[in-house]
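Subject: Structure handover

Hello,

Here is the structure you will be working with.

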Amino acid sequence: ARVRAKIGDPPRQEQFKQANGEIDYISFHNEQQAWLNDRRAVTREVRKDMARAIEGAQAHVAELIETHRERVAKFKTKVKDYDEVMTKATLPVAPHVERLLLNSKKSERLSYFLGRNQGKLAQLNRMDPESVARELGRLEGRLSLPPTKKQTQARKPVAPLRGGGASPSSQLSQVNALMKKYYGDRA
């Protein structure tokens, strides 16, 4: 189809009719040979273009796999049971789901989640690529690292005050004490 798009359809005998209605077979033959030569050359070009495109796609996938492996290596330091979860995961991943997982920035977290939730993976395998992309986007938004035990940097709380001294006297008790001092019990 690409070849025909570049060079057009092959010549037909009707195109080479002379004025008297007879077909000029020599011109038709020459034009047909030229078209065949063009087809050979363009076919070679198309094959080379396709080979380059395939090599580029393979290089892109290799790059995606490498970045995924790097993310997994970092993720393994934070999540200790990653290898255990992945060995228990037995359900194969559909090619369209795998492609979308590798394109994700959180591919390591998604693969861990899907390794733990094989039912969700089976559901994704049955969906069309657009639905899978939407669902993976939703999952990416919800995923976070498991909480780590943090050692607090805060100071110890202040101990509450306890009684032990005399409570401050009120002004009335001070006046009463002063009256008793001057007047004794008479007041």
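Is Phe-75 buried or exposed? Phe-75 is buried, because its relative accessible area is 4%, where buried means under 20%, exposed means over 50% and partly exposed lies in between, with a 1.4 Å probe and protein chains only.

Before the rest, some ground rules. The model is predicted, so local features need pLDDT of at least 70 and side-chain atom pairs count only at pLDDT 80 or more, while totals for chains, interfaces and linings use all residues. Residues are numbered from 1 along each chain as its sequence is written, and side-chain values use heavy atoms, with hydrogens and water left out.

The aromatic rings

Phe-75 is in helix α2 (helices are DSSP runs of H or I with at least four residues, strands are runs of E with at least two, and both are numbered from the N terminus). The structure holds four aromatic pairs (rings of Phe, Tyr and Trp, the last by its six-membered ring, pair if their centres lie within 6.5 Å; planes under 30 degrees apart count as stacked, over 60 as edge-to-face and the rest as tilted). In one of them, the ring centres of Phe-75 and Tyr-112 are 5.6 Å apart and the planes stand at 70°, so this pair is edge-to-face. It links distant parts of the chain, with Phe-75 in α2 (residues 25-78) and Tyr-112 in α5. The two residues are 37 apart in sequence, and their C-alpha atoms are 9.5 Å apart. Both Phe-75 and Tyr-112 are buried.

Tyr-112 also pairs with Tyr-82, and that pair is stacked, at 6.0 Å centre to centre and 15° between the planes. Tyr-82 lies in α3 and Tyr-112 in α5, so the pair ties together parts that are 30 residues apart in sequence.

Helix α5

How many of the ten residues of α5 are buried? Eight are, which leaves the helix mostly covered. Among them are Ser-107, Leu-110, Tyr-112 and Gly-115. The buried residues of α5 pack against α2, α3, α4, α6 and α7 (contact means heavy atoms within 4.5 Å).

The largest pocket

The largest pocket holds about 250 Å³ of space. On a 1 Å grid over the protein atoms alone, a cavity is a set of points where a 1.4 Å probe fits but cannot get out, and a pocket is an open set with protein on both sides within 12 Å along at least five of seven lines; lining residues have an atom within 4 Å of a point. Grid points are joined across faces, edges and corners, and the volume is the space filled by probe spheres set on the points. The pocket has 15 lining residues, and His-68, Met-86, Val-93, Leu-101 and Ser-111 lie nearest its centre. Two or more lining residues come from each of α3 (82-88), α4 (95-103), α5 (107-116) and α6 (118-126). The largest share, four residues, is from α5.

Two single residues

Thr-87, in α3, is exposed, with a relative accessible area of 62%. Its C-alpha atom is 8.6 Å from that of Gly-115, 28 residues away along the chain.

Glu-135 is in α7 (residues 129-142). Glu-135 is buried, at a relative accessible area of 10%. Leaving aside residues up to four places away in sequence, Glu-135 touches Lys-120 and Leu-124.

Regards
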